[in-house]
Amino acid sequence: MNHNAYSPTATSAWSKLEEAASAEAPSITDLFAADPQRAKTYSISVGELFLDYSKNLLSNDVWSHLQALAEQSPLQSHRKAMFSGQAINTTENRAVLHAALRAEPQDAKTQQETDRIAQVKSQLQAVKEASDKIRSGQWLGSTGKAITDVINIGIGGSDLGPKLACKALEEYSHPDINLHFISNVDGAEILTTLKKLNPETTLVALASKTFTTQETLLNAKTAIHWFQQTLGLETPQSSSHFVGLTANAANAMAYGIPQNQILEFAEWVGGRYSLWSSIGLSIAISIGFEQFEAMLAGAREMDLHFQNEPVHSNMPVIMALLGIWYSNFLGVQSTAVIPYCERLLLLPSYLQQLDMESNGKSTSLQGEALDYNTGPILWGQTGTNGQHAFFQLLHQGTRTVPVDFIAATKDSLSNPEHHRVLLGNMLAQASALMAGQAAPDGQQHRFYPGNKPSNTLLMNELSPKNFGALVALYEHRVFVQGSIWNINSFDQWGVELGKKMANELLSENSHGAEFDPSTKALFAHIADNS
Ligand code: F6P
């Protein structure tokens, strides 16, 4: 197939999937009854990650058509293009090389790749040196005291990944250093955080790929003012209380951060893929550089698996194809991620940016409007909490919402009794969603239709390595879907218009004059009531 003219809807696999979707499908329980090996056939391991995808609306025929769709799409060449550093982010003419952040020298196939890995290693060495110094109490504030509190100021990819990792891996966290994350421009957040802290022992990590982001720069200004007021520093950003994490060292220097306190990363690291770079400084401070490296190693294990395994035994490809089956053929609009682990509380928010900023697109790589669905709405929260909130809709609502259940089989922070109950609940929910239950006579409200699909993803423990593999798994799932949908998963033009209009609205003397009548009226209402 000529991939320049590629559209997924023009493939023979797509037509077969359409046919299969319109025919009456067997229920998941029928599929299990017909194949005693189903649980085994439809499960796969990568390292310490185990995925059971047998509880899906997936017959053997549909599975073979989905595999054919992957084969008939440019997935393979696109994957090669990404890993080899071609500018697959076409609207910004940029390579997409977050996987190079976790590569090892032996992975390089060309001199250019060897050089790139060496550049990454030297940037990570700076992360090691800074985090070691902070963790060991040798990084001193302006009055000679060791650091006890680190505030990461950043938003989107400069916040969500580090925040997720620090929470997920708190078992490994430094006992005497507290991490704080400030992202929202809502001043109440930073002002209440600063109130609790001692400026003498506080370090601000200013995390911004571009060093131009409105929210981050305003929060930084407020932090600077706080240091000025409390410690009498004239330009706190030039003191040992600030480090800059950025791909734009020139902007960080112009801001006043000394060069040796700027930890750089390359332009080819997308914001939502940047936790593996110096943006992850707060992770390294929290868990130590050795564990940070274990996280990179887990991601690399997933990278190698993704690059080398054929479609039928490739975990990210399998998860991506299931999502496509639901989104494009079965009319599913949203997908839920439910970790049965409170420390993965932030995973759904993290995945919202990863998935929805990447694949919330309606233009093809050739610049044409699409006539099929792309990225679904992703949402979720932890179980068992979700069971007492929105699971009602999952069991008896009118919509089908495929679920990814995620858990660790062992948890050294918990105890056997709690963990048994936690995991028992997860297994019971997945089973109930699939099996359903007939209603007793005259009690339709007690009818559980069942046949609701889910994946169950287990890891042996929530270690840095398994955490790294888990995040990389979702990164690649997003990539596979973007490749099959023929979209650019690596730009985010959709967020620009709102930013521009906010600047216009906030510009002096604007009064919302150029805006629509509703916005003008709201602007006036706020002015009258503030
Ligand atoms: O507005 C979207 C976005 O560009 C994200 O993609 C990015 O992660 C975030 O803003 C923050 O950008 P920066 O790291 O440049 O401050």
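In this predicted model, a polar backbone atom of Gly157 lies 2.8 Å from an oxygen atom of the ligand. Ser158 places a polar side-chain atom 2.6 Å from a ligand oxygen. For Ser208, the distance from a polar side-chain atom to an oxygen of the ligand is 2.6 Å. On its own, the ligand has 390 Å² of accessible area, and the protein covers 88% of it.

The surrounding shell was examined next. It is made up of 14 residues. The closest of them are Ser158, Ser208, Lys209, Thr210 and Thr213. Sorted by class, nine residues of the shell are polar, three are charged and two are nonpolar.

The whole structure holds two cavities of 30 Å³ or more. The volume of the largest cavity is about 160 Å³. Its lining consists of 17 residues. Closest to the centre of this cavity are Gly323, Tyr326, Thr335, Pro402 and Arg477.

Note on methods: Residues are numbered from 1 along each chain as its sequence is written. This is a predicted model: local features need pLDDT of at least 70, side-chain atom pairs count only at pLDDT 80 or more; totals for chains, interfaces and linings use all residues. Side-chain values use heavy atoms; hydrogens and water are left out. A residue is near a molecule or strand if one of its heavy atoms lies within 4 Å of it. A polar contact is a pair of N or O atoms within 3.5 Å; within protein, one must be able to donate a hydrogen and the other to accept it, and residues adjacent in sequence count only if both atoms are side-chain atoms. Accessible areas come from the Shrake-Rupley method with a 1.4 Å probe; for residues, only the protein chains shown count as cover. Ala, Val, Leu, Ile, Met, Phe, Trp, Tyr, Cys and Pro count as nonpolar, Asp, Glu, Lys and Arg as charged, and the others, Gly among them, as polar. On a 1 Å grid over the protein atoms alone, a cavity is a set of points where a 1.4 Å probe fits but cannot get out, and a pocket is an open set with protein on both sides within 12 Å along at least five of seven lines; lining residues have an atom within 4 Å of a point. Grid points are joined across faces, edges and corners, and a volume is the space filled by probe spheres set on the points.
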